[in-house]
Amino acid sequence: MIDEKILKTAKQTIVEQKKDPAVELVQKALSDGIDGMELLTEGFIPGINEVGDQFGRGTLFLPELVQAADVMKAVTDLINASLPSQDGPQEKGKLVIATVKGDVHDIGKCIVVSLMQANGYTVFDLGRDVDTERIVEVAIKEDVQVIGTSALLTTTMVRQKELEEALKSAGIRDKVRTIVGGAPVTARWAAKIGADAFAEDAQDGIAKVRELLGA
Amino acid sequence: MDQFFHRMGDGSAVQMTAKQIMADLVEGSEDAADRGKIPPLAKEEYDYLLDIFCSPHKFISVEPGREVILTYDAATLKIRRVGVHVDRIQALQIYEKIMGADTMELAHVDYSYKPVKPIATFEQPILEQALLATHIPLFYGAQPNLGLYSQPDGPFPNPSELMPMGKIKEAQESYEAALEDLVKDIVFVGSLMYESGADGINLDTAGAAGDADFLATLIATEKLKAKYPDICIEIGMAGEFVLGMHSQLTYKGERLAGMYAHQQVKMAEAAGATIFGPVSNTNTSKSAAWNLARAITFMKACGEIANIPIHPNMGMGVGGVTVNDQPPVDVVSRSSAAMTTLCRLDGL
Amino acid sequence: MAITHAHASGMGGMRVAGDLVARVQMARGMKLAQAKAYVAEKLAVDVSELTDPIVMTEVRTDLGLGVVTPLPGVPKGIEAKFNIARVLDIDINCVKRFRERTRF
């Protein structure tokens, strides 16, 4: 059991985006024989969860989120490097994220990408107005576990359905999980087209990806 | 226990007990109160909402005398979007004679100030002709839409690409440069349309690209108001709080990022806006009761503090209205009546 | 959806006095109750009558403020707006521009 004070400090370094104190905390903890994985899961990860929650409530903003992600990456890299080779470093999960063909809205997707990165996922951000074929191609090439698509218009939602069909045609539908989001997109739509999950917003997207990957 | 017909935020039908509906009303209102640091609804307000949600009637309305002004935005494109191919002046006449509109808006199909700028002088004669043939107040409107100023749609580096790469300063500088161009475009188009005779200028879905988008809207409002002291400007918001995409921008010394409706309206007032259109987003995974109580809590706080008229947005996916292309009459009428009955508002 | 709002809580546009209350709000920045009271006084009707299409059709016809079903010779469009500006004692931008352009 790690001292509650250390865990609280770890969490705070993420919420307040303090990279040097976070790195020093990890280095000292590791040299004191503290379990790095426990420090990560009980201290730093609650910190990044808090960041996501505050972002969703409008009390913390995108630059802070990006800085928190940077701190999170630094401590995760340090902890991973300290683990015996059979325990890590392990990749948390790989995702392709794109705004669908015909849709040029990329602000919401930018938030999702930032939050996914902050939570330790490897993200292949394909940008906006992305052909369905390109999404499938990158998913295969990078061997991703999750494909996330955003559609901000009722006229472009249909591309999310097209992706489901394209994944089946490519023979990889059972190898990847799909998650859909965007202003007009709903859980009902996700179920109708056969997507694996629907994300109400970026923070919900994290929760759904965790459920899908169990990580 | 009796079950009542209800809907989720995506419009799906569900059955709920009165106890479940009341629990969702309280939870929705408390969520808004917690986020906005504003008071939750009172017991009699919950009771009223429970009554209308348990009513067997398909349609609910306000009591006579409590009706409010109904402002339509972008209707000249909405009518064509559904495949009714009338020209825009005909669309305005349909809305004023048939749809019960109290005000209307002439809008271009590419509903942003930037694309209107090069064709503004082609828009003016249509507006002038429309003003000869219609009776009700006529806005000219479009979205500020700051996103159009970054690559590949505009000259500035795309903050949505820079930010995930950790290039925070570069992203912020890009927003700052882009908003200056946006202000110029809004003032350019707004001036021409006002000089053509528009009754008002509508800046619709302000803040869609975050705090820089909202700041540009406020500065443009200030400039138009200084140029034409009698001009009517309506600012309608894009979302319930201002996204902090830049995060450090201020107006009159106040940080814009994270502002909710009751704080946004003070900025709109300070800029000289005549009417403010606040927003509360619908959560599709929650019930209509949860969403409506939440929306009313936000709008009530805004209405109580506003010194200018407010027209809460009640379109698809906002103001307790479900996220669906065809929002059901039962839920829209309940949202419309409840918002109007419980909030100190001046229009929708 | 628009029709639902119009029926559930809207004033009713030019079937009644919705457009007139909106004009006063836009011209004077008045909150709703104040704008309704102002219009009612100018039209010499009760506030409750502002949303009564029977009363308001008569008033609008008598004052030439524009009606849904136009009869021959009744003011329409900009003509009606000249009357609205005068009756409500407000400036209407396009009426002002019309005067300038026609040197009327």
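Helices (H or I, at least four residues) and strands (E, at least two) are DSSP runs, numbered from the N terminus. The model is predicted, and in it local features need pLDDT of at least 70 and side-chain atom pairs count only at pLDDT 80 or more, whereas totals for chains, interfaces and linings use all residues. Residues are numbered from 1 along each chain as its sequence is written, chains are lettered from A and ligands numbered from 1 in the order in which they are written, and side-chain values use heavy atoms, with hydrogens and water left out.

**View 1. A cis peptide bond in a loop of chain B.** B:Pro152 belongs to the loop between β4 (138–142) and α7 (159–162) of chain B. The peptide bond that joins B:Gln151 to B:Pro152 is cis, with omega about 5°. Most peptide bonds are trans.

**View 2. Two residues with positive phi.** Most residues other than glycine have a negative phi. A:Gln17, in the loop between α1 (4–15) and α2 (19–31) of chain A, has a positive phi, near 55°. With a relative accessible area of 22%, A:Gln17 is partly exposed, where buried means under 20% relative accessible area, exposed over 50%, and partly exposed in between (1.4 Å probe, protein chains only). B:Ser247, which is found in the loop between β6 and β7 of chain B, also has a positive phi, near 90°, and B:Ser247 is buried, with a relative accessible area of 1%.

**View 3. The contact between chain B and chain C.** Of the two pairs of chains in contact (heavy atoms within 4.5 Å), chains B and C share the most contacts. Their contact takes 59 residues from chain B and 44 residues from chain C. The area buried between these chains is about 3,900 Å², of which carbon and sulfur atoms give 60%; buried area is the accessible area (1.4 Å probe) that two parts lose on being put together, summed over both. B:Glu67, B:Lys97 and B:His135 supply 18% of the area that chain B buries against chain C, more than any other three residues. The rule finds three salt bridges across the interface of chain B and chain C, a salt bridge being a side-chain nitrogen of Lys or Arg within 4 Å of a carboxyl oxygen of Asp or Glu. B:Asp346 and C:Lys31 form a salt bridge, with their closest N and O atoms 3.1 Å apart. On the side of chain B that touches chain C, the elements that give two or more residues are α4 (88–97), α6 (120–133), α8 and α12 (329–342) of chain B, and the largest share, five residues, comes from α12(B).

**View 4. The contact between chain B and chain A.** Here the contact takes 34 residues from chain B and 26 residues from chain A, and the area buried between the two chains is about 2,400 Å², of which carbon and sulfur atoms give 57%. B:Ser160, B:Pro164 and B:Met245 supply 20% of the area that chain B buries against chain A, more than any other three residues. The rule finds three salt bridges across the interface of chain B and chain A, and the side chains of A:Glu64 and B:Arg255 meet in a salt bridge (3.1 Å, N to O). Chain A and chain C do not touch, and their nearest C-alpha atoms are 16 Å apart.

**View 5. Helix α9 of chain B and its packing.** At 1.5 Å a residue, the 17 residues of helix α9 (residues 211–227) of chain B should span 24 Å, and its end C-alpha atoms are 24 Å apart, which agrees; the expected span is 1.5 Å times one less than the number of residues in the helix. The buried residues of α9(B) include B:Phe214, B:Leu215, B:Leu218 and B:Leu224. The buried residues of this helix pack against α8, β5 (200–206), β6 (233–237), β7 (250–251) and α10 (261–271) of chain B.

**View 6. Two buried residues of chain A.** A:Thr178 lies in strand β4 (residues 177–181) of chain A and, at 1% relative accessibility, counts as buried. The side chains of A:Thr178 and A:Glu164 make a polar contact (2.8 Å), a term for a pair of N or O atoms within 3.5 Å; within protein, one must be able to donate a hydrogen and the other to accept it, and residues adjacent in sequence count only if both atoms are side-chain atoms. A:Ala190, in helix α8 (residues 187–193) of chain A, counts as buried at 4% relative accessibility. Not counting residues up to four places away in sequence, A:Ala190 touches A:Val180, A:Ala195, A:Ala197 and A:Phe198.
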